Amino acid sequence: MTEASAFIGLFLSAFLAATLIPAQSEIGLGYLVINTDYSMVLLVTVASLGNTAGATINWFIGRGVARSVVSPKKMKPSARYWTIINWYKKYGQWTLLLSWAPFIGDPITVIAGIFKVPLKTFFLIVALAKTSRYILIAIFAEKFTLGLQTGTAIVQ
């Protein structure tokens, strides 16, 4: 495996994992941290960019749904509808901090598009959440490797 193919594969894996397609990128990142000498910073950066780009596709899907299905012009919104909209505009964008989480993260990014979270805000919060997760995975993989090599505990 060449370095370029490893990084492209990691990016694609992370990208697909962030879309509604079920995929896992954490294992690929962990494998590359453990079995290669590639820069951990570069590995985390590539995985984070791919995962954030995939989540952005979900945001665009949500925007498309909002234009075609959830438009107040096409339906008769109730008072409850406007309560939900106003709550989400005030607090909902912070749910994007959970965009890294399995099962709920992908729908949260679609909902952000439906509720029209500004793309800049979306991108910053999602990038923070997803990069934090990849940093923790890379650190754990490195500690795991060191523990195997030295025979010591992973967490001290």
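Helix axes are taken here as lines fitted to C-alpha atoms over the stretch in contact, and angles between them run from 0 to 180 degrees between N-to-C directions. In the predicted model, helix 3 (residues 40-68) and helix 5 (residues 105-114) pack with their axes 6 Å apart, at an angle of about 45°. The two helices are therefore oblique to each other, since an angle under 35 degrees would count as roughly parallel and one of 65 to 115 as roughly perpendicular. The crossing of helix 3 and helix 5 is right-handed.

On the side of helix 3, the contact is formed by A55, N58, W59, G62, R63, V65 and A66, which meet D106, T109, V110, A112, G113 and I114 of helix 5. By residue class, this contact divides into seven nonpolar, four polar and two charged residues.

Two polar contacts involve the side chain of N58. One joins it to the side chain of T109 at 3.0 Å; the C-alpha atoms of N58 and T109 are separated by 5.8 Å, although the two residues stand 51 residues apart along the chain. In the other, the side chain of N58 reaches the backbone oxygen of A18 at 2.6 Å.

Methods: Residues numbered from 1 in each chain as written. Predicted model: local features only at pLDDT ≥ 70, side-chain atom pairs only at ≥ 80, totals over all residues. Heavy atoms only, no water. Helix = DSSP H or I, 4+ residues; strand = E, 2+ residues; numbered from the N terminus. Polar contact = N/O pair within 3.5 Å; in protein donor to acceptor, adjacent residues only side chain to side chain. Parallel < 35°, antiparallel > 145°, perpendicular 65-115°, else oblique. Left-handed = near helix turned anticlockwise from the far one by under 90°. Contact = heavy atoms within 4.5 Å. Nonpolar A, V, L, I, M, F, W, Y, C, P; charged D, E, K, R; others polar.
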